[in-house]
Amino acid sequence: MSENDDFPEADGRVSYLRAVREGYDELARVHREARTAVGEPGIDEVDALARDLPDGARVLDAGCGSGVPVLSRFDLAFDVVGLDLSHEQLQHAHERSPTAGLVQGDMSALPFRDGAFDGLVALHSIIHVPRQAHASVYREFNRVLADGAPALVTTGTDAYEGGTPNWLGSGVEMHWSFPSAEETLGNLRDAGFTVEEETRVPDEHGGGEFLFVRVRA
């Protein structure tokens, strides 16, 4: 596991990401237990991406959290790498998937070479990145993917920015930031992706909807 604490200064992003990172460090155990208990919306879309990958494909789980559900589903069939802001979340991910490569870092400045991955999943993770930085995150996703590689990203359907005090009953405030679905689709296309499929999945535990977007580099 490697650690990178040098997040680039831009648009107040450093203080925002630090708050997200410290929040997940503090509630890592609670978050793991909650996700294990209720599962993840949109898991069918994750499994569909897996079926589109050859055995042994190198896959990036961008914002892997505690390793549920992507690392734990992918680590037997693929060469999977998990990246997350939170050191504590990565510790839990290592316990669950000890053979996965794990890196602490920022999705808008990925520490990987061009074309390094055959697939990518960003499941409920980019929603914690300031919306002004989403376009740069998608450009980074496209950069590290091989030509024609599939990816799956999750965001919201309506623009939102705010915080949730006492998230998951942890006593910790968590922060969220994402644009409208139309802006997300535009950002993905501008980053060089071909949008193949859009799926709206109800958030059964928090209300509203998640937007799952299947794209290809």
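**Core, sheet and a buried arginine**

Leaving aside neighbours within four places in sequence, L60 is in contact (heavy atoms within 4.5 Å) with V81, L83, L110, F112, F117, G119, L120, V121 and V144. The model is predicted: local features need pLDDT of at least 70, side-chain atom pairs count only at pLDDT 80 or more, and totals for chains, interfaces and linings use all residues. Residues are numbered from 1 along each chain as its sequence is written, and side-chain values use heavy atoms, with hydrogens and water left out.

L60 belongs to the largest nonpolar core, which has 32 residues. Such a core is a set of buried Ala, Val, Leu, Ile, Met, Phe, Trp, Tyr and Cys residues joined through side-chain atoms within 4.5 Å. Buried means under 20% relative accessible area, exposed over 50%, and partly exposed in between (1.4 Å probe, protein chains only). L60, F112 and F141 touch the most other members. Among the elements giving two or more residues are strand 1 (58-62), strand 2 (79-84) and helix 5 (134-144). Helix 5 gives the most, with 4 residues. A second, separate core holds 22 residues, including L53, F74, A93 and L102. In soluble globular proteins, nonpolar side chains tend to be buried together.

Helices (H or I, at least four residues) and strands (E, at least two) are DSSP runs, numbered from the N terminus. An open sheet is formed by 7 strands in the order 3-2-1-4-5-9-8, with mixed pairing. Two strands pair if DSSP finds at least two bridges between them. Strand 3 (101-104) and strand 8 (194-202) are the edge strands, each pairing on one side only. Strand 4 and strand 5 run parallel and are joined by 3 bridges. L120 stands opposite A151 in strand 5.

Helix 2 (residues 43-51) has V46, L49 and A50 as its buried residues. These cover an arc of only 105° around the axis, so they lie on the same side of helix 2. The arc is that of the directions from the helix axis to the C-beta atoms. Exposed D44 and R51 sit on the face turned away from the buried side. The cover over the buried residues includes helix 3 (70-74), strand 4, strand 5 and strand 9.

R214 is found in strand 9. R214 is buried, with a relative accessible area of 14%. Its side chain makes a polar contact with the side chain of D52 (2.6 Å). A polar contact is a pair of N or O atoms within 3.5 Å; within protein, one must be able to donate a hydrogen and the other to accept it, and residues adjacent in sequence count only if both atoms are side-chain atoms.
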